[in-house]
Amino acid sequence: MEGSFTGGDVYQKHFLSRDYLATYYSFEDGPSPETEMIKFNLECLHKTFGPGGLWGDTLIDIGSGPTIYQVLAACEAFVDITLSDFTDRNREELEKWLRKEPGAHDWTSVLKFACELEGNSGGWQEKAEKLRARVKRVLKCDANLSNPLAPVVLPPADCVLTLLAMECACCSLDAYVTLNISSYMVGKFKFSCVSMKKEEVEQAVLDAGFDIQRLLHSPHNYSTTNAPNNGMCFIVARKRSGP
């Protein structure tokens, strides 16, 4: 696996944000593996940040990619949100949507589904504006650094979110949450992932000093991955206190 690891220089050169969005986030009307995965993630995020869920002032999303769907629920619970990504193209794509620039990805269908989960199907435009107001910064990040946002130093956040990022940034389980996927396609380029089983993900979270409060698993597959029995784990964990 390590011999085929996709490093940061390859991401910077070959990871095309528009191809990634077109492949995984078109949210078509008809059923598709990608649509089912988006719905699963949005449902998990709603359970996490909805009524009775996590809340606070500050949230940092590590490895946002060119996407904003992962903070749609969180913008109702946090007033200061940081988005971050390694590649220039992904950060530019985020800024394009935040500034309502021509050619920005159309998240309307995803916004509507997120609002349906909240019982406010007609409020998707207000949701978009709230998110734009609550994203305070878009920063470069490198998940392999002790401070992923270096040279920027932010105060400790109330919540750190990462979705479909760490398994791509790490070259091995020891360095480390998608299950049993060793690669995925963006356009004509293949990018590596750490292939993990659900139990390995759970243990990695525990070994990092966190207690798992909720674990949700989806058996759905992406259509462009090379593993027949993959899936996704969504984990909510709290930093363990004490020695």
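Author: Let's start with a definition: helices and strands are DSSP runs, numbered from the N terminus. In this predicted model, the protein chain has 8 helices and 9 strands.

Reader: Thanks! How many of the chain's residues count as buried?

Author: Buried means under 20% relative accessible area. Here, 45% of the 243 residues of the protein chain fall into that group.

Reader: And which residues have the most contacts inside the largest nonpolar core?

Author: A nonpolar core joins buried residues through their side-chain atoms. The largest one here has 43 residues, and Leu59, Leu72, Ile81, Trp107 and Leu131 have the most contacts inside it. Helix 3, residues 33-49, gives the largest share of this core, with 6 residues. Apart from it lies another core of 5 residues, including Ile62 and Leu149.

Reader: What does Trp107 touch?

Author: Leaving aside residues up to four places away in sequence, Trp107 touches Leu21, Tyr25, Pro66, Thr67, Ile68, Tyr69 and Trp97. Two of these names come back in a record: an unreviewed UniProt entry lists Tyr25 and Tyr69 among the residues under "binding site".

Reader: Is Tyr25 buried or exposed?

Author: Tyr25 counts as buried because its relative accessible area is 3%, and the cut-off is under 20%. You will find Tyr25 in the loop between helix 2 (17-24) and helix 3. Its side chain is joined to that of Tyr20 by a polar contact of 3.3 Å.

Reader: Where does Ala143 lie?

Author: Ala143, also listed under "binding site" in that UniProt entry, lies in the loop between strand 3 (135-140) and strand 4 (159-161). With a relative accessible area of 24%, Ala143 is partly exposed.

Technical notes. Residues numbered from 1 in each chain as written. Predicted model: local features only at pLDDT ≥ 70, side-chain atom pairs only at ≥ 80, totals over all residues. Heavy atoms only, no water. Core = buried A, V, L, I, M, F, W, Y, C linked by side-chain atoms within 4.5 Å. Buried < 20%, exposed > 50% of the residue type's maximum accessible area, 1.4 Å probe, protein only. Helix = DSSP H or I, 4+ residues; strand = E, 2+ residues; numbered from the N terminus. Contact = heavy atoms within 4.5 Å. UniProt positions renumbered as here; feature names shortened; annotations may be inferred. Polar contact = N/O pair within 3.5 Å; in protein donor to acceptor, adjacent residues only side chain to side chain.
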